[in-house]
Amino acid sequence: MSDNTAVRAAKLDKIFGTPVCAVLLAIFCNVLWGSAFPFIKLGYRLFSIDSGNTASIFCFAGVRFMLGSVLVLLGSILLQGKAPRLPRGRVAAECCALGLWQTTAQYAFYYIAVAMLTGAFGGILNSTQSFLGVIFAHFIYGNADRMTPAKTLGCAVGFAGVLIGTIGNHGSGSGWGVFCMMTATVIFTLSGPWNKSVTKKADSFAVCFLNLFVGGLALFVLGTVMGGRLHVQSALAAVVMLYLAFICGAGYILWALLMKNNPVSRIAIFGFVNPVVNVLLSAVLNGEPLFRWQYLAALVFVCVGIWLVNKAPAQKEKV
């Protein structure tokens with residue numbers, strides 16, 4: 001690594017490790033991801049993909065993530081002044097395995113869930129990742145990222161909010177959709193520590209590129225083998241696909257750098273932004289009802305849970 005590259009990388013790490021910047025960037029990531037669910041549903045309509053057409057859903061997801069991997073390469077050139085140096089040997093194999101887990105496995109379940117759930121209901125279910133991340137971090141990192149009474153209470157209140165949001169299910173989706181969303185959420189949460197570990201062994205941009213490209217290619221190949229096809233119905237369909245690629249490309253770059261330079265709980269907990277954006281955009285883009293007492297109560301409980309978790313003193317946590 002050249003001196004100039006090393007200096008630039010050190011500056012990036014310093015920026016992403018600064019608590020205020022880390023919080024703002026974590027919120028921005030979750031705004032992007034919160035918009036994904038309603039835009040994916042919009043994309044299904046624009047590409048004429050039926051909710052039961054799992055093969056074409058996988059093709060749709062695969063194209064999105066492969067395009068996102070190209071944006072990661074462009075991001076590396078802009079931020080680092082060069083294309084990322086791809087790892088070799090065991091590290092490269094671990095990056096590919098991470099892609100199959102974090103992108104292929106997670107989003108296979110996630111995209112099926114999107115087709116079967118309303119945006120608001122799915123977003124509320126997906127918000128459990130905020131609290132699971134804090135809980136799992138305690139068992140994985142111990143004293144370096146430990147649970148506290150405030151975190152425990154915050155997680156309990158947050159999960160109560162999720163339960164309120166599921167009361168009666170009010171026509172928001174199927175049991176299989178709920179199972180797929182919860183499975184995707186658990187996979188995402190478990191991916192965080194693994195991603196954090198891998199980015200210490202290889203360039204963060206290289207990890208993101210392989211994660212998205214390998215995972216997206218696997219989804220596309222799987223969907224094609226199953227008989228899936230994509231048909232661009234309009235220019236708007238292409239624009240939506242490019243925006244979704246931007247979400248995953250920009251989101252994965254920022255998230256990998258955040259996970260590398262911060263305690264997991266400091267970052268993961270801001271997933272509360274995700275369901276809020278999800279509910280609002282689902283109403284705007286897909287005509288879903290905005291005001292339901294279950295949704296509003298769930299959002300309040302989740303936000304209170306976030307506040308309680310963040311009462312824990314950050315200075316006691318170590319990267």
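Tutor: We shall go from the overall fold to single residues, keeping in mind that this is a predicted model.

Student: How many helices and strands are there in the protein chain?

Tutor: The protein chain has 13 helices and zero strands.

Student: What share of the residues in the protein chain is buried?

Tutor: Of the 319 residues, 54% are buried. As for the surface, the chain exposes about 13,200 Å², and carbon and sulfur atoms supply 71% of that area.

Student: And what share of the contacts comes from residues 24 or more positions apart?

Tutor: Such residues account for 90% of the contacts with a separation of 6 or more.

Student: Let us turn to helix 5. Why is it said to be largely enclosed by the rest of the structure?

Tutor: Helix 5 covers residues 119-126, and eight of its eight residues are buried, so the rest of the structure largely encloses it. Among these buried residues are Gly119, Phe121, Ile124 and Asn126.

Student: Gly119 interests me. Which residues does Lys41 contact, apart from its neighbours within four places in sequence?

Tutor: Gly119 is one of them, and the others are Val114, Ala115, Leu117, Asn286 and Glu288. Lys41 itself sits in helix 2, residues 19-46.

Student: Is Lys41 buried or exposed?

Tutor: Lys41 is buried, because its relative accessible area is 17% and the cut-off for buried is under 20%.

Student: Now the aromatic residues. How many aromatic pairs does the structure hold?

Tutor: There are 13 aromatic pairs. One of them joins Phe39 and Tyr243 in a tilted arrangement, with 4.7 Å from centre to centre and 50° between the planes. This pair links distant parts of the chain, since Phe39 belongs to helix 2 and Tyr243 to helix 10 (residues 235-261), 204 residues apart.

Student: What sort of pair do Tyr44 and Phe60 form?

Tutor: Tyr44 and Phe60 form an edge-to-face pair, 5.5 Å centre to centre with 65° between the planes. Tyr44 is in helix 2 and Phe60 in helix 3 (residues 54-80), so the pair ties together parts that are 16 residues apart in sequence. Tyr44 is buried at 6% relative accessibility, and Phe60 is buried at 0%.

Student: Which residues form the aromatic cluster?

Tutor: Tyr44 and Phe60 belong to one aromatic cluster together with Phe37, Phe47, Phe65, Tyr107, Tyr110 and Tyr111.

Student: A change of topic: how many disulfides does the structure hold?

Tutor: The structure holds zero disulfides. For Cys95, the nearest cysteine sulfur belongs to Cys96 and is 6.9 Å away. For Cys208, the nearest cysteine sulfur is that of Cys95, at 9.6 Å.

Student: Are Cys95 and Cys208 buried or exposed?

Tutor: Cys95 is buried, with 0% relative accessibility. Cys208 is buried as well, at 3%.

Student: Lastly, which residues make the nonpolar surface patch?

Tutor: Phe213, Leu217, Val221 and Val225 make a nonpolar surface patch of about 340 Å². Phe213 lies in helix 9, which spans residues 204-225, and is partly exposed with a relative accessible area of 32%.

Terms used:
Residues are numbered from 1 along each chain as its sequence is written. This is a predicted model: local features need pLDDT of at least 70, side-chain atom pairs count only at pLDDT 80 or more; totals for chains, interfaces and linings use all residues. Side-chain values use heavy atoms; hydrogens and water are left out. Helices (H or I, at least four residues) and strands (E, at least two) are DSSP runs, numbered from the N terminus. Buried means under 20% relative accessible area, exposed over 50%, partly exposed in between (1.4 Å probe, protein chains only). Contact means heavy atoms within 4.5 Å. Patches are made of residues with over 30% relative accessible area and no salt bridge: like charges are joined within 9 Å, nonpolar side chains (Val, Leu, Ile, Met, Phe, Trp, Tyr) within 5 Å. Accessible areas come from the Shrake-Rupley method with a 1.4 Å probe; for residues, only the protein chains shown count as cover. A salt bridge is a side-chain nitrogen of Lys or Arg within 4 Å of a carboxyl oxygen of Asp or Glu. A disulfide is a pair of cysteine sulfur atoms within 2.5 Å. Rings of Phe, Tyr and Trp (its six-membered ring) pair if their centres lie within 6.5 Å; planes under 30 degrees apart count as stacked, over 60 as edge-to-face and the rest as tilted.
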